[in-house]
Amino acid sequence: MKRGENGILAIIGLVLAAGLLKSLLQVEGQHDRDIPFYSTASADVARKATDIYRSNNCKNCHSLWTLKDALQSVPAPMLDGIGSLRTESWIYNYLSSADPQSVLPSRLKKEYRMPSYSKMPDDERRLLSEYLASLKVKDWYLEQTKKSEYEKLTGMEPPK
Ligand code: HEC
């Protein structure tokens, strides 16, 4: 390899390294802001509800306690912060409905839609609703959360 080519390679390498460093710093910057999601539930409610959540495969479609799950194939709304968007009684009615799409219309193919949990034991539905309603989002991230929920439900950008 000629000297000139080495120089060009070195410059390309530097540019790539600078780009990488810049994106790393940007990611760092985001982590400086604290996680916007929190729960007001007691440890007992959280533990029981998490068991119900797991055994009913909610996590196959929804994300919870992750900012973004890139591998998620079903475009279901994330449940982090849902308690800042919906009330406990709304969630309870939704989970209890024999036809959830009559409460919240779906834009998705049938197999991806929110299933009915009307057959779930009532005490479990209540506990799950209490827990989901306790999932809050901090004010600085509320608009972003509403926006992403709207996008997931409609497949469109929210109106300006
Ligand atoms: C097969 C995928 C799937 C499973 C499993 C599933 N959901 Fe859903 N869920 C959805 C989809 C998709 C929506 C959005 C409405 C629609 O398209 O039917 C939704 C909507 C919701 C909403 C309303 C969200 C909003 O933005 O208002 C809540 C709350 C919810 N689901 C909770 C649960 C819980 C709790 C479980 C487990 C007990 C569960 N889901 C299981 C797909 C699923």
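## Ground rules

A residue counts as buried if 20 or more other C-beta atoms lie within 10 Å of its own, exposed if 12 or fewer, and partly exposed in between, with C-beta atoms placed from the backbone. What you're looking at is a predicted model, where local features need pLDDT of at least 70, side-chain atom pairs count only at pLDDT 80 or more, and totals for chains, interfaces and linings use all residues. Residues are numbered from 1 along each chain as its sequence is written.

## The chain overall

The chain has six helices and two strands. These are DSSP runs (helices: H or I, at least four residues; strands: E, at least two), numbered from the N terminus. Reading from the N terminus, the order is α-β-α-α-α-α-β-α.

Of the chain's 160 residues, 16% count as buried. Take the contacts between residues at least 6 apart in sequence: 68% of them join residues at least 24 apart. Two residues are in contact here if their C-beta atoms, placed from the backbone, lie within 7 Å.

## Helix α2 and the residue after it

Helix α2 covers residues 43–55, which makes 13 residues, and it reaches 18 Å from first C-alpha to last, close to the 18 Å expected at 1.5 Å a residue. The expected span is 1.5 Å times one less than the number of residues.

Then comes N57, in the loop between α2 and α3. N57 has a positive phi of about 60 degrees although it is not a glycine. For context, most residues other than glycine have a negative phi. N57 is exposed, because 10 other C-beta atoms lie within 10 Å.

## How α2 meets α5

Two packed helices are described by the angle between their axes and the distance between the axes. For α2 and α5 that's an angle of about 115 degrees, with the axes 9 Å apart. Axes are lines fitted to C-alpha atoms, for helices over the stretch in contact, and angles run from 0 to 180 degrees between N-to-C directions.

On the α2 side you'll find V45, A46, K48, A49, I52 and Y53, meeting E124, L127, L128, E130 and Y131 in α5. By class, the residues of this contact are eight nonpolar, no polar and three charged. Ala, Val, Leu, Ile, Met, Phe, Trp, Tyr, Cys and Pro count as nonpolar, Asp, Glu, Lys and Arg as charged, and the others, Gly among them, as polar.

## Around the ligand

The ligand is surrounded by 28 residues, and C58, C61, A76, S106 and M114 are the closest. The elements giving two or more residues to this shell are α3 (88–96), α4 (100–103), α5 (122–133) and α6 (139–154). A residue is near the molecule if its C-beta atom, placed from the backbone, lies within 6 Å of it. The shell splits into 19 nonpolar, six polar and three charged residues.

## Helix α6

The 16 residues of α6 should span 22 Å at 1.5 Å a residue, and the end C-alpha atoms are 23 Å apart, which agrees. Just after α6, G155 takes a positive phi of about 75 degrees.

L142 sits in α6 and is partly exposed, with 15 other C-beta atoms within 10 Å. Leaving out residues up to four places away in sequence, L142 touches S84 and V137. L142 and P36 are 106 residues apart in sequence, but 8.6 Å apart in space, C-alpha to C-alpha.

T154 is also found in α6, and is exposed, with 11 other C-beta atoms within 10 Å. T154 and S106 are 48 residues apart along the chain, with their C-alpha atoms separated by 7.8 Å.
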